[in-house]
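Today I am going through one protein model and jotting down what I look up, entry by entry.

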Amino acid sequence: MKVLDDNKIVELFLLRDETAIKQTAEKYGKRLRSLSYGIVNDPQTAEECENDTYLKAWNSIPPNEPRSYLYAFLARITRHISLNYCRDRSRLKRSAFICELSAEMEQCIPHPNDNECPIDDIALGEAINKFLSALDEQKRNIFIRRYWYLDSIAAISKRFDLSESKIKITLFRCRNKLREHLEKEGYSI
């Protein structure tokens with residue numbers, strides 16, 4: 001089966017053609033499963049989360065039409081499903097890891113209740129994206145691996161061939177810079 005580009009896959013979703021799911025699985029299944037596995041740490045659960053992603057995408061397209069950002073759209077769904085699975089199942093070890101990451105980010109991201117409406121969330125997202133785009137590629141990738149993909153310090157260290165202490169220092173400095181950036185943008189931490 002020839003793998004289609006994202007625009008054609010979204011078009012299949014819009015036409016309610018079930019081959020959209022097959023095409024999506026062919027193109028992005030391995031990456032989505034890997035993302036989920038990094039969160040749930042269980043191959044069968046990761047596969048379930050991947051499959052749930054296809055169902056959620058089926059129900060979300062339309063009204064959404066993620067033609068130019070299909071993978072990001074799917075990855076966000078997968079990540080939320082996987083995190084919800086961890087919360088629902090109270091996996092203590094994994095939940096402790098997620099709590100650790102949450103505590104790290106609470107030091108530099110405003111509390112969700114500080115935002116009065118979804119437009120504020122969009123503005124915050126844009127401010128964070130602006131910050132990330134200003135980082136050099138390696139620091140940005142380290143930050144994203146830790147806080148988006150939820151990779152452990154050891155896994156990031158191995159991926160970038162850097163010591164664990166170098167990764168910790170880089171993340172610490174990035175969080176401090178993010179806090180400073182957000183305060184300059186008018187957010188109170």
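This is a predicted model: local features need pLDDT of at least 70, side-chain atom pairs count only at pLDDT 80 or more; totals for chains, interfaces and linings use all residues.

**Entry 1: Arg33 and its partner.** I began with Arg33, which counts as partly exposed at 31% relative accessibility. The cut-offs I use are under 20% relative accessible area for buried, over 50% for exposed and partly exposed in between, with a 1.4 Å probe and protein chains only. Next I looked up the partner of Arg33 and found a salt bridge with Glu50 (2.3 Å, N to O). By salt bridge I mean a side-chain nitrogen of Lys or Arg within 4 Å of a carboxyl oxygen of Asp or Glu. Arg33 sits in helix α2 and Glu50 in helix α3, so this pair ties together parts that are 17 residues apart in sequence. Glu50 itself is buried, at a relative accessible area of 4%.

**Entry 2: ground rules.** Residues are numbered from 1 along each chain as its sequence is written, and side-chain values use heavy atoms, with hydrogens and water left out.

**Entry 3: the overall layout.** I counted elements next: the protein has 9 helices and 0 strands. These are DSSP runs numbered from the N terminus, with helices as H or I of at least four residues and strands as E of at least two. Along the sequence the pattern reads α-α-α-α-α-α-α-α-α. Of the 189 residues in the protein, 42% are buried. I also checked contacts, meaning heavy atoms within 4.5 Å. Among contacts with a separation of 6 or more, 64% are between residues 24 or more positions apart.

Entry 4: How many salt bridges does a search of the whole structure find? The search gives 7. As a reminder, side chains of opposite charge can pair when their charged atoms come close. One of the pairs I looked up is Lys27 with Asp6, whose closest N and O atoms are 2.9 Å apart. Lys27 lies in helix α2 and Asp6 in helix α1, so the pair ties together parts that are 21 residues apart in sequence. Lys27 is partly exposed at 29% relative accessibility, whereas Asp6 is buried at 15%.

I then turned to Lys130 and Glu185, which form a salt bridge with the closest N and O atoms 3.4 Å apart. Lys130 is in helix α6 (residues 118–134) and Glu185 in the segment after α9 (164–184), so the pair ties together parts that are 55 residues apart in sequence. Glu185 is partly exposed, with 38% relative accessibility. I also noted a network of salt bridges that links Glu11, Glu65 and Arg67.

**Entry 5: Arg79, a charge without a salt bridge.** I found Arg79 in helix α4. Arg79 is buried yet has no salt bridge, and the nearest side chain of opposite charge, Asp151, is 9.8 Å away. For charges, I count Lys and Arg as positive and Asp and Glu as negative, leaving out His and the chain ends. What does the side chain of Arg79 reach? It reaches the backbone oxygen of Trp148 at 2.7 Å. Leaving aside neighbours within four places in sequence, Arg79 is in contact with Leu35, Ile39, Tyr147, Trp148 and Leu150.

**Entry 6: the nonpolar cores.** A nonpolar core here is a set of buried Ala, Val, Leu, Ile, Met, Phe, Trp, Tyr and Cys residues joined through side-chain atoms within 4.5 Å. The largest one has 28 residues, of which Phe13, Leu32, Val40, Leu70 and Leu74 touch the most other members. Two or more residues come from each of α1 (6–14), α2 (19–40), α3 (43–60) and α4 (70–89). Helix α4 gives the most to this core, with 10 residues. A second, separate core has 18 residues, including Ile142, Phe143, Leu171 and Cys174.

Entry 7: I searched for disulfides (a pair of cysteine sulfur atoms within 2.5 Å) and the structure holds 0. Cys49 is buried at 2% relative accessibility, and Cys174 is buried with a relative accessible area of 2%. Last, I looked at Tyr85, which is found in helix α4 and is buried at 17% relative accessibility. Tyr85 and Cys49 are 36 residues apart in sequence and 8.3 Å apart in space, C-alpha to C-alpha.

How values were computed
A polar contact is a pair of N or O atoms within 3.5 Å; within protein, one must be able to donate a hydrogen and the other to accept it, and residues adjacent in sequence count only if both atoms are side-chain atoms.
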